Amino acid sequence: MATLAEQMQGERMARVALSMIAEPNDSTTGRVLAQVGGIESLRLIESDDPVPGLARADALMWRERLTARVTPDLPGRVAETQGGEFGTLIPADKEWPAGLNDLGERAPYLLWTRGATSFLAAALSDRVTLTGSRASTSYGEHVTGDLATGMADEERIVVAGGAYGIEGAAHRAALAAGGQTVAVLAGGLDRPYPAGHSDLLRRIGDVGLLVSELPPGAAPSRHRFIARNRLMAALSGATVVPEAGVRSGSMTTVLTARELGRGVGAVPGPVTTAASTGTNELIKQRFASLVTQPSDVIALLDADDPPKPGVTRAELAQEFGHRRPEPGAPGRSL
């Protein structure tokens with residue numbers, strides 16, 4: 001019987017298969033993939049040969065984790081995705097966003113796309129990520145709308161995650177201003193999440209771009225949301241948080257942005273509002289530049305040298321209570 005690797009016709013199909021059996025942000029899979037490519041990675045999963053860069057015990061655990069998800073119908077599922085509603089991008093493609101390569105072993109195996117992939121070929125400084133609280137206030141949504149509209153006027157692309165609150169406001173404002181926007185999802189592109197944003201996400205797919213590292217049919221989970229945030233940080237020249245509490249998941253996007261040397265901005269908010277405690281703290285600790293208008297965001301994007309943080313990544317992670325998830329951890333469904 002043919003092995004899984006033998007049934008894959010080229011690097012693209014091999015990476016599609018990997019996206020179906022390996023969780024996002026799995027640095028072990030990413031390390032192997034970077035060294036030997038997709039076809040050989042699949043062969044090594046099903047063989048007993050030494051795995052480059054892995055000790056024998058690590059290779060055994062890696063194989064056990066991935067082979068548990070290799071089902072007899074996997075080659076058929078891979079074949080069904082070819083030429084369908086959704087496209088794919090791999091690092092060899094001209095529209096692959098080079099900024100994702102800065103993630104190293106944590107880079108996605110491929111991207112699933114629907115819409116204008118040319119948005120990803122633009123310079124890093126042409127994209128800005130707007131993220132923040134899901135439970136946003138009218139103040140936060142108003143500021144977000146002003147910033148996103150300003151980005152549209154400057155022909156900069158707004159990247160967000162399609163969530164309720166700040167991210168939804170960013171997408172809507174960019175579209176209303178005739179701008180360009182990218183939604184990075186934490187599940188399959190055929191499963192719009194949240195459901196209440198189905199129409200918004202459908203419109204983004206029609207006139208903008210939907211992106212995910214997960215295959216069609218994949219459900220979002222806590223781990224996948226956290227993993228998705230690293231893509232939002234890597235895709236843009238700067239990440240700006242208009243409103244967020246201290247424990248907001250958007251802080252993981254900030255952490256990755258700083259780790260990658262990207263600019264970070266935050267909008268100050270009322271000291272009486274819990275929704276702004278995170279952004280106020282980012283500014284207070286000098287981990288983010290003060291943003292009050294679109295020109296501040298443009299300055300972050302066009303800066304030759306992003307401002308240095310006043311604290312280390314570890315210190316901020318401790319302050320905001322965030323830790324990087326364990327590679328390959330499946331998490332729980334939301």
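User: In which helix is the place of P294?

Analyst: In this predicted model, P294 has its place in helix 12. With a relative accessibility of 25%, P294 counts as partly exposed. Setting aside residues within four places in sequence, P294 contacts D146, L147, G150 and M151. The C-alpha atoms of P294 and A148 are 7.9 Å apart in space, although 146 residues separate the two in sequence.

User: Where is Q293 found, and how far is the C-alpha atom of Q293 from that of V267?

Analyst: Q293 belongs to the loop between strand 9 (289-290) and helix 12 (294-302).

User: How should the confidence of the model be read, and what is the mean pLDDT of the chain?

Analyst: Where pLDDT is low, the predicted coordinates should not be read in detail. Here the mean pLDDT of the chain is 91, and 91% of the residues reach 70 or more. Residues 323-334 call for caution, as pLDDT stays under 50 there.

User: How does one read a nonpolar core, and how many residues has the largest one here?

Analyst: In soluble globular proteins, nonpolar side chains tend to be buried together. The largest nonpolar core in this model has 36 residues, and M8, L42, W62 and V78 have the most contacts inside it. Two or more residues each come from helix 1 (4-7), helix 2 (11-21), helix 3 (27-45), helix 4 (56-67), helix 5 (74-81) and helix 8 (198-207). Helix 2 contributes the most, with seven residues. Another core, of 19 residues, lies apart from this one and includes W96, L100, V159 and L231.

User: Which residues does W62 touch, not counting those up to four places away in sequence?

Analyst: On that basis, W62 touches T28, T29, V32, S41, L44, I45, V51 and L54.

User: How is the packing of two helices described, and at what angle do the axes of helix 2 and helix 3 cross?

Analyst: One considers the distance between the axes, the angle and the residues in contact. The axes of helix 2 and helix 3 come within 10 Å and cross at roughly 100 degrees. Helix 2 is therefore roughly perpendicular to helix 3. On the side of helix 2, the contact is made by E11, A14, R15, A17, L18 and I21. Helix 3 supplies T29, L33, G37, G38, I39, S41, L42 and I45. By class, the contact comprises eight nonpolar, four polar and two charged residues.

User: Which peptide bond is cis, and where is its proline found?

Analyst: The cis bond joins Y193 and P194, with omega about 0 degrees. P194 is in the loop between strand 5 (181-184) and helix 8. G196 lies in that loop between strand 5 and helix 8 as well, and counts as exposed at 56% relative accessibility. From G196 to A163 the C-alpha distance is 9.3 Å, across 33 residues of sequence.

User: How many residues of helix 10 are buried, and what follows the helix?

Analyst: Burial along a helix is judged residue by residue. In helix 10 (residues 250-259), nine of the ten residues are buried, so the helix is largely enclosed by the rest of the structure. The buried residues are S250, M251, T252, T253, V254, L255, T256, A257 and R258. G261 follows helix 10 and has a positive phi, near 80 degrees.

Note on methods
Residues are numbered from 1 along each chain as its sequence is written. Side-chain values use heavy atoms; hydrogens and water are left out. A nonpolar core is a set of buried Ala, Val, Leu, Ile, Met, Phe, Trp, Tyr and Cys residues joined through side-chain atoms within 4.5 Å. Buried means under 20% relative accessible area, exposed over 50%, partly exposed in between (1.4 Å probe, protein chains only). Helices (H or I, at least four residues) and strands (E, at least two) are DSSP runs, numbered from the N terminus. Contact means heavy atoms within 4.5 Å. Axes are lines fitted to C-alpha atoms, for helices over the stretch in contact, and angles run from 0 to 180 degrees between N-to-C directions. Angles under 35 degrees count as roughly parallel, over 145 as roughly antiparallel, 65 to 115 as roughly perpendicular and the rest as oblique. Ala, Val, Leu, Ile, Met, Phe, Trp, Tyr, Cys and Pro count as nonpolar, Asp, Glu, Lys and Arg as charged, and the others, Gly among them, as polar. pLDDT is the predictor's confidence in each residue, from 0 to 100.
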